[in-house]
Amino acid sequence: MNYVNDRFCELVQLPRNRQAILAMKKDVDDFLPSFCDSPAKLSRWGHHYFCDDDGGRLIFDLNSPHSHRCEICGKVYSNDVQDGVWVTFYRNRAVVLALVSAAVYKATGETKYRDYALQVIDFYAAHYHEFVLHNKENKIFDSYETMKWGCGKMMPQGLNEAIVAIRFIQTIEILRPELEQEWLENVHRKLFREMFRLLAPQAVEIHNISCWSLAAIGVMGLAMKDQEMIDYAFTSPFNIRRQLAEGVTADGFWYEGSIHYNFFLLEGVSYLFLFSKIYGYDFGQESTAIFERMFEKAYEYAFDNLYLPNPNDGWPNLNLRTFSYVYHTAARAFGEKSKVGNLLKIIENDPNPRTTLPLSEPYYCCGTVCLEQLLFNIDFDYSDYRPVAHVSNTFPTSNFAMLRNNNWNVFVKYGLNGKSHAHPDIMNIEVMYKDQRISRDLSNAGYQSRLCNEWHRKTLSHNTVCWNGQDITSVHPGKCLHFDADSFFGFGIGCLRGY
């Protein structure tokens, strides 16, 4: 199995795909010819890039590294923190567009796009040892041995570094037929081995960040034929199989209780799963079953219009189309006729527009077609799918329930599986009438935003019961006492009846 669809070069010439390639060329040509970075620039945490007054994300403007305007109120921020986040976004843009440039080269054969992609990788490989080891709190460390958990080099934390590592490997995989073994060995030694040294000590608990570190290590190992990395990803104390076995509830949901983090984790694991398929590595029967079930269950707890409820930390107004790129990656591995492939087609036929993410946004050409669709599933027949009915359902090990009838959907959260990314909103409900949200969870703005910590993470901002304005303090699981298609009884919430 190849990384790029075997029919890519043929089908990319169709008019609809040629238009996408033209748009991708423009994105690359507007940025990469003038690419310029320096290890002297310190990256900062993306969650600082939000307005204190209204929680709006600041606008990343390539031509404005020292002035950052709120997308909502227009307030301008000018300080070292936002400047450092601008550096983070700049590097992320460079890495993403290197990947896009490799795809453009694959589609057109124009060598400048191959050269643009290699220019970015060459720069970071040559200078990786010069980047400052630091964490998102901006504390600097002398070595991997003395660093605290969470450190990055190019990026503000190891999580972001793991994402960058995988994107570098994806770029290499597209260009592999063009690359000399000596070049690959040089990048492996100077860049990927160092990233391994950075990320391995950070996979030390059952957590979404550990999963990203392990995914990056595994992807680098498989692509570079580095057995130490492969073994670390699959057999180290907190290996990826253990992460899935212990971190995913019996309901197929990541234990931290956030739909955003559930998909964020799936993104990282999907790359490792795909590369395991490409390189013939046994991902594990149990792990594969858990991974596949997570995609199926995500469809089950979506509202009928494929918008998603938003318990706990995350971003507002998400729908399944927001994460179509993750389904595309998994469908490349499972196949067009799989359950995941079928759900992908349902999502791609959804008439609602895709809602975007404020951080870690993947590449969507013209905002609509993800790069993964072109590279992986360009030959899918998206009109050929089996409808999957939505029904009332309960997810007792995840503390969720969803009641449905022809017009109404009611989602309830009645407990937590711990403190990580939790909101104090046990007994919270979200209500959808047809396509209209009657009540919804606000989710939150960036974590450093005053609005996030003084409102979004307070009980008062949720659709729940509050006593004397006090936050709910419990972080324990709730209890489902009764569930049927029309009603749900849970511990501490009395009764919710279908409408």
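View 1. Look for Phe-395, which stands opposite Phe-400 in strand S8. Strands here are DSSP runs of E with at least two residues, and helices are runs of H or I with at least four, both numbered from the N terminus. This is a predicted model, in which local features need pLDDT of at least 70, side-chain atom pairs count only at pLDDT 80 or more, and totals for chains, interfaces and linings use all residues. Residues are numbered from 1 along each chain as its sequence is written, and side-chain values use heavy atoms, leaving out hydrogens and water. S7 and S8 (residues 400-404) run antiparallel and are joined by three bridges; strands pair if DSSP finds at least two bridges between them.

**View 2. Five strands make an open sheet.** Follow the antiparallel order S7-S8-S9-S10-S11. S7 (393-395) and S11 (436-439) stand at the edges with a single partner strand each, so one side of each has no neighbour in the sheet.

**View 3. Ala-98 sits in helix H3.** Ala-98 belongs to this helix and is buried, with a relative accessible area of 1% (buried means under 20%, exposed over 50%, partly exposed in between, using a 1.4 Å probe and protein chains only). Leaving aside neighbours within four places in sequence, Ala-98 is in contact with Leu-32, Ala-117, Val-120 and Thr-171 (contact: heavy atoms within 4.5 Å).

View 4. Not counting residues up to four places away in sequence, Phe-192 touches Ala-165, Phe-168, Ile-169, Ile-172, Val-187, Met-220, Met-224 and Met-229.
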